[in-house]
Amino acid sequence: MIHPSYAVVIPTTGRPGLAELVATVDGDPAPTCIVVVDDRRRAAAELDLPETSAPLTVVHTHGRGPAAARNAGWHAADAEWIAFLDDDVTVPLDWCRRLMRDLSDLPDQVAASQAWLYVPPPSGRRPTDVERRTLALGGALWITADMAYRRAALVETGGFDERFPRAFREDSDLALRTVRLGYAIAWGERVTTHPLAPPTNWRSSLKVQAGNADNALLRAKYGRRWRSLIGSTGGRTGRHLITTAAATIALAAVASRRAVPARRRWARIAAAAGLGWAGLTAEFATGRILAGPRTAREIATVVVTSALIPPLAVAHRLRGEVRARRGGRDGRPLSERPRAVLFDRDGTLIKDVPYLADPHRVRPMPGARRTLDQLRRQGVAVGVISNQSGVARGLINSDELAKVNARVESLLGPFDTWQICPHAPDAGCGCRKPEPGLVAAAASELGVAPHECLMIGDIGSDVDAALAAGARAVLVPGRHTKVAEIDRAHLVAAVAPNLRTAVRRHVGRAR
């Protein structure tokens, strides 16, 4: 039997079981490569990884979240299938064979194969509130803890939507977009073990409420029926909203009664709203207590968090609704003005002439000089990020490149940094876009952090280089831009019709 080729992608935050997982997936039949995506924001040390027989690649995404990490992983892999694994799961020793059995002979309309997740329950007691959330993963649809996608389907959909910053809803969103393209997602026969959530402090139930913002994004994308579309049960958003409103009315009535003559009426309003809040909170807490181990600590935690969760959940949902309506794009507040804007040269700042060696053929793009002057007046640093493989190919020499760049400056004004990669595409350097080296070097020279930079370019590698370095990105499509690159940029970055609009939307007007 001829097995399909597959690569394994493991996003990680450096959990202890990573090395053992990597060693297990380096099995038979061997993957074409294993890609470990280090998504730690600040890595204190290199990952402790074993020697592997399959090629092992480490990619860094600098804390951009699981969606961005998985995207970086599958872009770095070349295989028919991409098998995504979470770094905290345990797979059987013959996982590679089981995966091949699941993938072999799948019809073309099947775009993904999902493993069955087994979450071992706690022994001899009811699960805690935190543990129940993990137990719910068993049998859930479209969980990427162990999920294999056809690479062609990932290209067609654009991959994971990086506006989902947490390990929540990003997998359901990708699967739903895949199904809507006419593909099917099949259950495999392999079984992967997902551990129970480790012991955490009492705030963990509050922290997960941030996922309500991701629910808002799903609603904005798919409408009111989004829960049924992803196979999710109904949530408590409506009851949380009523609970929060009751608490707000009660507090407002108490605060206003001193300034209002009709104190008795306001007292009745406060009492009614207070009773409503107390009843809803008690109902919420009782259900959580009865499902748990009912220890003194668990009861105390549930009582406190049951009072705090409704307003927190509502606040996150409102924040998500506002962000979804305003575009959300890179997930950062729109008020954060970049301190530096980096531009691709050919096709973005000047007309694209292949292997341009004659400075007299430099032609600025419409509006480029005005846009750059606007940024300079605002005190925003500007730079150029450009691949120039013609140097390595012998089609242009270093002196000719320097003269062309000098001509660009004479027409468009001075730039605060120039970052050029002269290497061939197969040189394996860390600077050639879509690698992050040029963007990181520009940020370092300008004395700013990568996340304070905005990259504007005309092809997908410009966007990918920026995101890999932790910067923001805007795609301004040109004649060489592929449709798939535009679709993906809508998901992971932003798209603008021209330079002027890109700067106006993401930097602002001159003051």
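## Aromatic pairs

Trp-116 is partly exposed, its relative accessible area being 38%, and Trp-187 is likewise partly exposed, with a relative accessible area of 33%. The model described here is a predicted one. How many aromatic pairs does the count give? The count comes to 3 aromatic pairs, one of which joins Phe-84 and Phe-160 in an edge-to-face arrangement, with 5.4 Å from centre to centre and 85° between the planes. This pair links distant parts of the chain, since Phe-84 belongs to strand β4 (residues 81-85), whereas Phe-160 lies in the loop between α5 (151-157) and α6 (170-180), 76 residues apart.

Phe-84 is buried, with a relative accessible area of 0%, and Phe-160, at 0% relative accessibility, also counts as buried. The rings of Trp-116 and Trp-187, by contrast, have their planes at 20° and their centres 4.1 Å apart, so this pair is stacked. Because Trp-116 lies in strand β5 (residues 110-118) and Trp-187 in strand β7 (residues 184-193), the pair ties together parts of the chain that are 71 residues apart in sequence.

## Charges over rings

Phe-160 has a further neighbour in Arg-70, which lies over the face of the Phe-160 ring at 5.2 Å from the ring centre. Elsewhere, the charged end of Arg-376 sits over the ring of Phe-415, at 5.5 Å from the centre of that ring.

## Strands β9 and β10

Strand β9 (residues 381-387) pairs with β10 in the parallel sense, and 5 bridges join the two strands. Within this pairing, Val-384 has Trp-418 of β10 as its bridge partner. Strand β10 (residues 417-421) has a covered face made of Thr-417, Gln-419 and Cys-421, and Trp-418, together with Ile-420, belongs to the uncovered face.

Cys-429 is in no disulfide either, although the sulfur of Cys-431, the nearest one, is 3.5 Å away. The cut-off for a disulfide is sulfur atoms within 2.5 Å, and by this rule the count comes to 0 disulfides.

## Surroundings of Thr-134

Thr-134 is found in helix α4 (residues 129-135) and is buried, with a relative accessible area of 9%. Leaving aside residues up to four places away in sequence, Thr-134 touches Val-119, His-194, Pro-195, Leu-196 and Ala-197.

## The chain as a whole

The secondary structure comes to 19 helices and 12 strands, and the C-alpha trace spans about 85 × 75 × 45 Å along its principal axes. Of the 511 residues of the chain, 49% count as buried.

Among the contacts in the chain with a separation of 6 or more, 73% are accounted for by residues 24 or more positions apart. The chain exposes about 24100 Å², and carbon and sulfur atoms supply 55% of this area.

Methods:
Residues numbered from 1 in each chain as written. Predicted model: local features only at pLDDT ≥ 70, side-chain atom pairs only at ≥ 80, totals over all residues. Heavy atoms only, no water. Buried < 20%, exposed > 50% of the residue type's maximum accessible area, 1.4 Å probe, protein only. Helix = DSSP H or I, 4+ residues; strand = E, 2+ residues; numbered from the N terminus. Pairing = 2+ DSSP bridges. Phe/Tyr/Trp six-rings, centres within 6.5 Å; stacked < 30°, edge-to-face > 60°. Lys NZ or Arg CZ within 6 Å of the ring centre and 35° of its normal. Contact = heavy atoms within 4.5 Å. Areas by Shrake-Rupley, 256 points an atom, 1.4 Å probe, with all protein chains shown as cover.
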